[in-house]
Amino acid sequence: MPIDRTGEDRPLLFVGWIDALPVPAALIRPLTRGNFRLHASNTAFDRLKLSPAGADAPIELLRAIERAEQYPDLSQEFSCQLGEGVAARDLRGSIGPLPTETGDDGLFLLTLIDRTQEMMTERNLRRELVSDSLTGLPNRAGFAELVEHRAPGDGPADHAILLLDLARFSRINEHIGPMAGDELIITVARRLKSSLRSGDILARTGGDEFAISSRVAGGRADVREMARRIRGCFDHPFRIGELKVSVDCALGCAIQPAIDTAIGDQIRHAQIALKRAKQTDRIEIYEPEAAILSDNRFGLETALRNAIEEDRLRLAFQPLIELASGRVAGFEALARWDHDDGHAVSPTEFIPIAEDSGLIVPLGQWAIAKAASVIADWDRQNGGEPVDCYFSVNVSAIQLIRDDIAAVVRNALADNGIGGERLMIELTESAIIGDPDLAMSVLSELKTLDTRVAMDDFGTGYSNLAYLQRLPLDVLKIDRSFVEHMVEDRDKVAIVRTIQSLAEVLGMKTTAEGVETADQARLLSALGCDFGQGFLFARPMDSAAALQYWRQSLVRPII
């Protein structure tokens, strides 16, 4: 664009005050189609080195001048860039008419503000927001943005997202230290990058999680081949200083047609597949049915959370029968939940959800408090005379780790004015043996409250007999798998006899679960088993029915 900067069109009236302006400024007269004539400029404007011929004038500047010509009464704002590469300058400009009292109609004041440093800072902040500082790869936000805006490929091709999670990384990090752990992450990123094809996108989306975006023309076969190639990166140990560290990974993938751009949903689908891959140790590809199941579980989790907060769960009670006398020794208190739509949700369905979501802790707290409340109510209904039985309540391994169980029991006893002998806490064998030192601490605190402790599902895990001897346990509960068909199976009889002998040596009682026939009850009694629990005696019942069951047992023994 030609720029006419002749001396005759440079009124001396404006030279002084333009030079006084602290920003680059010039007086221009718009011509046709964005052309303009430069009348005066200050030193700061001249330093920008805009060519008088207009060859390097930014298109944004020329368009703003054209708008100024079309709308001479309005100011025009614009942003532009001068130069290229590291020497480029980011500018914000304004073009506005001069006041008419100057006597120079048609002249406009052009001012520019250098925003290069500001824009550089903004770009750096933006880069930090979408990049992983350790590996330099895109982070989760950057990955989603890159995939969302990636250019379409040639020909029909599906889009695949693979999520990769390093196995045992937290444990490895604990042993080799965080700095070596960071070096391991960087080395893994390099290996992964070397295994990818041109056009693939690699990102670090979490502490030990990576994401890969790729186009696949061959559907599942291509995805599995790519997954095997990625997994091959972990065939050889990683050298970290003097160490050689072996690492494995779980891989989950979601495939999406090229026309579908819901990247957020695809990442969620890949996460569902990854979660399954961690369980199966296989390369998992997302199936729509898995999302339906996941959505259902999430819906149940929300409903369960509301039910706990609103005290809409209930306890059912299954009697524990003393096999020698036939009297009711106690009841196991079992959590039950009726959904808002009226149907009963099975414990095998909502207990795993509670454990996955962490709701098992408030659920366990509720069960202990509720059991103590019910047995105190039974005492009141019994004329203030304590009912001669106890309630047994299950405590999850997760609650054992995360919660202060002794404090929960202490508060429940105090709130309801009952003694600790009225409650028994049941912990699974895996929970107790998984962290015996923690179990020893918790069990010792419970014993100070006079609360008894039972090891549930005994025989299904791998108990260390040395720890078993140290632990202050009162009861071993023989798992139902040993009781089932024991009348016909001598091996099961031998197992039950061994557990019974072990309990006697350690000064513990035994309770057999899953007793369903009179022959089983007689055989268990002959073997010396102390208590029985199962459908032979009663199914779980509500509080009123359980109290009535106990009263009837005083008149007529159960067996």
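**Close-up views of a predicted model**

**View 1. Leu-473 and its neighbours.** In this predicted model, Leu-473 touches Ile-432, Leu-443, Val-453, Met-455, Leu-468 and Met-508, leaving aside residues up to four places away in sequence. Leu-473 also stands out in the largest nonpolar core: together with Phe-331, it has the most contacts inside that core.

**View 2. The largest nonpolar core and a second one.** Here we step back to the largest nonpolar core, which has 86 residues. Helix α12, spanning residues 360-381, gives the most to this core, with 12 residues. As background, nonpolar side chains tend to be buried together in soluble globular proteins.

**View 3. Helix α5 packing with helix α9.** Look here for α5 (residues 140-149) and α9 (residues 263-280), whose axes lie 10 Å apart at an angle of about 125 degrees. The two helices are therefore oblique to each other, and α5 passes α9 in a right-handed crossing. On the α5 side, the residues that meet α9 are Arg-140, Phe-143, Ala-144, Val-147 and Glu-148. Their partners in α9 are Ile-263, Ile-267 and Gln-271. Sorted by type, the residues of this contact comprise five nonpolar, one polar and two charged.

**View 4. The close-ups in the context of the chain.** To place the other views, the chain has 21 helices and 21 strands. Of its 559 residues, 46% are buried. Among contacts between residues at least 6 apart in sequence, 64% join residues at least 24 apart.

Methods. Residues are numbered from 1 along each chain as its sequence is written. This is a predicted model: local features need pLDDT of at least 70, side-chain atom pairs count only at pLDDT 80 or more; totals for chains, interfaces and linings use all residues. Side-chain values use heavy atoms; hydrogens and water are left out. Axes are lines fitted to C-alpha atoms, for helices over the stretch in contact, and angles run from 0 to 180 degrees between N-to-C directions. Helices (H or I, at least four residues) and strands (E, at least two) are DSSP runs, numbered from the N terminus. Angles under 35 degrees count as roughly parallel, over 145 as roughly antiparallel, 65 to 115 as roughly perpendicular and the rest as oblique. A crossing is left-handed if the near helix is turned anticlockwise from the far one by less than a right angle, and right-handed if clockwise. Contact means heavy atoms within 4.5 Å. Ala, Val, Leu, Ile, Met, Phe, Trp, Tyr, Cys and Pro count as nonpolar, Asp, Glu, Lys and Arg as charged, and the others, Gly among them, as polar. A nonpolar core is a set of buried Ala, Val, Leu, Ile, Met, Phe, Trp, Tyr and Cys residues joined through side-chain atoms within 4.5 Å. Buried means under 20% relative accessible area, exposed over 50%, partly exposed in between (1.4 Å probe, protein chains only).
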